[in-house]
Structures are given as structure tokens and as C-alpha cells.
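The following account leads the reader through one protein model, element by element. Please keep the sequence and the coordinates in view while reading.

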Amino acid sequence: MSPCAPEAVVTSVLEIKQICFDGGTQPRAELRQALVEEYAAAMRDGAQFPPIVVFGGGSDYWAADGFHRAGACKLEGLSGIRAEVRQGTRRDAVLYSVGANGSHGWRRTSADKRRAVQTLLADAEWSQWSSREIAARCVVSHRIVDDLRRTAGYRSQLRA
């Protein structure tokens with residue numbers, strides 16, 4: 001796809017069992033069971049949630065955003081979930097996920113933010129990006145990236 005072409009996004013209902021939720025695309029340090037239960041109760045009361053975001057096509061889909069919503073659907077015994085389907089790979093899902101919830105959804109913890117940054121720093125390609133680029137992708141301060149590079153021994157590129 002051309003970098004100037006608009007991204008193809010289709011919203012549809014997918015079978016939950018078609019979506020991989022354990023492929024390293026979960027950016028949070030942990031899922032909050034209480035939030036899953038809260039979402040499930042809201043669903044029972046008729047609340048409509050935004051679609052989750054997945055990457056893939058055909059029969060393989062990688063979850064990138066909406067793990068709590070998906071957990072609530074599973075808890076409710078639902079077989080399908082509304083999803084924004086974006087063309088891409090597991091790697092695309094990982095890159096999208098590190099910035100998910102930076103401006104919406106359940107507020108990220110410090111551990112969630114660190115995990116997102118560490119995901120990019122642990123990657124051979126992404127770790128070569130400047131701290132400012134990684135920070136922008138993870139929706140965090142570049143100082144967090146700099147600190148993690150120093151303390152975790154990641155190859156240093158401290159200045160953008």
C-alpha cells in the first residue's frame with residue numbers, strides 16, 4: 001500500500017475465536033478483571049461499545065485495541081464482536097497497540113506505558129528510532145524512553 005493511500009478499514013462482526021488475543025499484541029501490563037466485568041454488565045444493560053481494532057485479513061486477525069471489551073464479550077458468552085479490520089500483520093498490530101489508550105479508554109498505568117516503550121526498544125528495527133519517535137508512537141514523554149534506554153541497557157539514541 002502506498003504511504004499516501006488511505007488505510008483500508010472495514011468495520012464488521014468477527015467471530016471472537018478468529019482473533020488472536022495472545023500473540024504479543026497486548027500493550028497493557030495486565031488486564032483488569034473488574035473492568036471486564038463492568039463492561040460485561042454494561043453490555044447486558046444494552047450499552048454499545050466502539051469496535052475493537054484488529055489487523056489481518058482472510059482468516060488470521062491480530063487484536064490491537066479492545067482487549068477489555070473482547071474479554072467482556074467472552075464473559076457474556078457472545079460469539080461475535082464488532083471490529084475495525086485493518087489490513088496488516090501481527091507486527092502492524094503490535095505497532096498500533098503501543099499507542100492504543102493513549103488518549104481514550106481506561107487510563108494507562110505507568111507499567112502499561114513502560115511495557116509499550118519496552119516493546120519497541122526490544123525490537124531490532126524499532127529500537128533504532130529516536131526516543132522522540134518511540135515516545136510519539138507510545139504516546140509518552142521522550143524522557144520515559146530515554147530513562148528506559150539507560151536503565152535497561154538498550155542501544156542508546158538519546159537525542160532526536
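This is a predicted model: local features need pLDDT of at least 70, side-chain atom pairs count only at pLDDT 80 or more; totals for chains, interfaces and linings use all residues.

Helix α2 is followed by G77, a residue whose phi is positive, near 75°.

Helix α2 is mostly covered, seven of its nine residues being buried. The buried positions are F67, H68, R69, A70, G71, A72 and C73. They pack against helix α1 (33-44) and against the strands β3, β4 and β5. A70, which has its place in this helix of residues 67-75, illustrates the setting. Its relative accessibility is 1%, and because burial means a value under 20%, A70 counts as buried. Leaving aside residues up to four places away in sequence, A70 touches F21, I52 and I81. By contrast, the C-alpha atoms of A70 and V117, which are 47 residues apart along the chain, are separated by 24 Å.

The sheet itself comes next. Its five strands are arranged in the order β1-β5-β3-β4-β2, forming an open sheet with mixed pairing. β1 (9-15) and β2 (19-20) each have a single partner strand and stand at the edges, so one side of each is left without a neighbour in the sheet.

β3 and β4 form an antiparallel pair over five bridges, in which F55 has W62 of β4 as its bridge partner. The two strands make a hairpin with two residues between them, where G58 takes a positive phi near 65°. In general, the side chains of a regular strand alternate between the two faces of the sheet.

Which strands does helix α3 lie across? Helix α3 (residues 90-97) lies across β3 (52-57), β4 (60-65) and β5, and runs at about 10° to β4. S97 lies in this helix. With a relative accessibility of 2%, S97 counts as buried. The side chain of S97 reaches the backbone oxygen of T25 at 3.0 Å. Not counting residues up to four places away in sequence, S97 touches T25, P27 and A64.

A further helix pair remains to be considered. Two packed helices are described by the angle between their axes and the distance between the axes. Helix α5 (residues 131-138) packs with helix α6 (residues 142-152) at an angle of about 120°, their axes being 8 Å apart. The crossing of α5 and α6 is right-handed. On the α5 side the contact is made by S131, R132, I134 and A135, and on the α6 side by H142, V145, D146 and R149. Sorted by class, the residues of this contact comprise three nonpolar, two polar and three charged ones.

Methods: Residues are numbered from 1 along each chain as its sequence is written. Side-chain values use heavy atoms; hydrogens and water are left out. Two strands pair if DSSP finds at least two bridges between them. Helices (H or I, at least four residues) and strands (E, at least two) are DSSP runs, numbered from the N terminus. Contact means heavy atoms within 4.5 Å. Axes are lines fitted to C-alpha atoms, for helices over the stretch in contact, and angles run from 0 to 180 degrees between N-to-C directions. Buried means under 20% relative accessible area, exposed over 50%, partly exposed in between (1.4 Å probe, protein chains only). A crossing is left-handed if the near helix is turned anticlockwise from the far one by less than a right angle, and right-handed if clockwise. Ala, Val, Leu, Ile, Met, Phe, Trp, Tyr, Cys and Pro count as nonpolar, Asp, Glu, Lys and Arg as charged, and the others, Gly among them, as polar. A polar contact is a pair of N or O atoms within 3.5 Å; within protein, one must be able to donate a hydrogen and the other to accept it, and residues adjacent in sequence count only if both atoms are side-chain atoms.
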